[in-house]
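Here is a short note to read alongside the structure. Please take the points in order and keep the view open as you go.

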Amino acid sequence: MNFVSSENISKTYADKPLFENLNFGINQGERIGLIGVNGCGKSSLLKIIASAEKPDTGFVSVRKGITVGYLGQNPVFEEEKTVYDNIFSSSNAVIHLVKQYEGHLHKDQNTPNYHEIFQDLMEKMTEMDAWNMEQQVQEIISRLGIEHLSHKIVRQLSGGQRKRIAMAKVLIEQPDVLILDEPTNHLDMETVEWLENLVDSKFQTVLLVTHDRYFLDNLTNKIVEIDKGQVYRYDGNYAYYLEKKSEREEIKGAEIDKAKNLMRKELDWIRRQPKARGTKAKYRVDAFEDIKATATQKTGSAQLDLQIKTTRQGGKIGEIKKLYKSYPDLKLIENFSYVFKKGDKIGIIGKNGTGKSTFLNLLTGADKPDKGEIDIGETTAFGYYKQEDGFLDVEKRLIEVVKEIAEYIELANGQKISASSFLTMFMFAPADQYKFVSKLSGGERKRLQLLKVLIKNPNFLILDEPTNDLDIGTLNVLEEFLENFGGTLVIVSHDRYFMDRLVNHLFVFEGDGKVRDFSGNYSEYRIALENEKLNLKQPETKAENKELEPKSPNESVSNSKKMSFKEKFEYENLEKELADLEFKKANLLDKMNSGISNHEELLKISDEMKITVEMLDEKSLRWLELSEMV
């Protein structure tokens, strides 16, 4: 059943046509991932389908009785009203009743008729079967961390808070069609995983734009790509799309190669005996023009080109010594130490508000610790990419922004290029370089921010949520650059794929000042957490219960379990086996990311990865058991 139809829609933005005469529909049960390079019109298309913006031509129709919920990148609110009023601004009678009930709960119990009104509301909640909705509302508000904001005026809130409030509103409304534009921005990893599970279990029909490849792959059953104003549809998730797109580009490449060969022959024919051309077959002249059009097509999309020089790094990079930082009623970092080493690629994770951004400010000297010391090496040159783009002057042109830093830029190979050429490397065409920054899309601004950081040739890169608003193609190039980056890398990101691919170490901000130093990437950390939970849930045996009884010191020593020679041998071998399995897993992951187009080979690698991960889990559990005896 068709829920939403858009016919012959066109949209031009800042004199740039995004798409023309586009037909797009959403059927019941479809979960569509919309992808394409920054500036191709993804967000504009979502706005048009959600009726938040009108197309230049064409129209959008929604089946009668079908509700559409839309989460945009810049949500619109009633600015002078409270968060609470905005979240519950719905015509749905059950949501309106839940709002009354929740509002009454927060009132002073000495308010006149408080208990009578409360009793009446409880009866109505039962009559309208609203308790389940109330429970869901509480979970959504709690998980998004906005319960403490309920009575604040919306205009006073930050961008991240506004996005989470808009998300709470659209999730509570439970629309028939859920449209999400970069829903994972401003969320921590734990909340991203919760959102993924919620959308998977509660929403049947979804249209989304996201750079989070795990989120995209796990939630979609159809991918729609916008490429040069054309729309390509793939019936499958993101992994299936990658496979089929590769096949499509190979076929297209073969067609262009064939057309080029034909064009050379036809060109030779066209050029021969020009005086007699009028007597030649007109169909061959016409055919030549068609062949020329095919042969001169460009394959693929423009890609980010990162050939950045890195400043030489000395032996001493930096050291954190017994660091403390807190604010009134909020302890962020307590007694944390670390020595940075060459080749460190560190990921920083934790819930919002646990101190991740504060840590970055301490590291770069923008903030001072309460106690402790951060000793940075003399040759260490920081490059700090921040979430906010507030330091970009929107009244300046792109070329002016770059020339303020340098007229000529030296690349990794020693070549010096102009500011204009450097912008071209970052996918800003010469014709666009005199645009004002205010005219750029969100993703284009992020590319400009990245350019401003890398142009200074840092050897210690700090990236705070670098994946927000970047398209997937740009992310792939950025990841490849960061994998080969010779300096030190520190990343704060909620993008699980990005972290899994790049980091080999984690600082986990657990709250209340605790920072866990974990060796491994995000998925390995999640496995370790699950293993910890399993160990905590192990039922106590009779022997264990007996050990809890009071004993004399001698009895305690004599009854404690010692490691046998066989177990010691197994323990030592397990360490080697785990290292080998981790190496194998990394190689398989590299193969999966290498762009293999053979479907059977991909399936084989995927099966081998599954077996390897299962073996890692099993052997890790056994290693943990034996390590308790050491």
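1. Let's begin with helix 1 (residues 42-49), which lies across strand 1, strand 2 and strand 4 and runs at about 50° to strand 2. Helices (H or I, at least four residues) and strands (E, at least two) are DSSP runs, numbered from the N terminus. Axes are lines fitted to C-alpha atoms, for helices over the stretch in contact, and angles run from 0 to 180 degrees between N-to-C directions. Contact means heavy atoms within 4.5 Å.

2. A word on where this comes from: the model is predicted, with local features needing pLDDT of at least 70 and side-chain atom pairs counting only at pLDDT 80 or more, while totals for chains, interfaces and linings use all residues. Residues are numbered from 1 along each chain as its sequence is written, and side-chain values use heavy atoms, leaving out hydrogens and water.

3. Now for the sheet under discussion: 3 strands form an open sheet in the order 2-1-4, with antiparallel pairing. Strand 2 (16-27) and strand 4 (57-62) are the edge strands, each pairing on one side only. From one strand to the next, the twist averages 15°. Two strands pair if DSSP finds at least two bridges between them; strand 1 and strand 4, which run antiparallel, are joined by 5 bridges. Ser5 has Ser61 in strand 4 as its bridge partner.

4. Do have a look at Asn8 in strand 1 (residues 2-13). Its phi is near 50°, a positive value in a residue other than glycine. Most residues other than glycine have a negative phi. Asn8 counts as partly exposed because its relative accessibility is 39% (buried means under 20% relative accessible area, exposed over 50%, partly exposed in between, with a 1.4 Å probe and protein chains only).

5. Asn113 also deserves a glance: its phi is positive, about 60°, although it is not a glycine. You will find Asn113 in the loop between helix 3 (93-105) and helix 4 (114-127).

6. How do helix 5 (residues 131-143) and helix 6 (residues 159-173) pack? Their axes are 10 Å apart, at an angle of about 160°. Helix 5 and helix 6 are therefore roughly antiparallel to each other (angles under 35 degrees count as roughly parallel, over 145 as roughly antiparallel, 65 to 115 as roughly perpendicular and the rest as oblique). Met133, Val137 and Ile140 of helix 5 meet Ala168, Leu171 and Ile172 of helix 6 in this contact.
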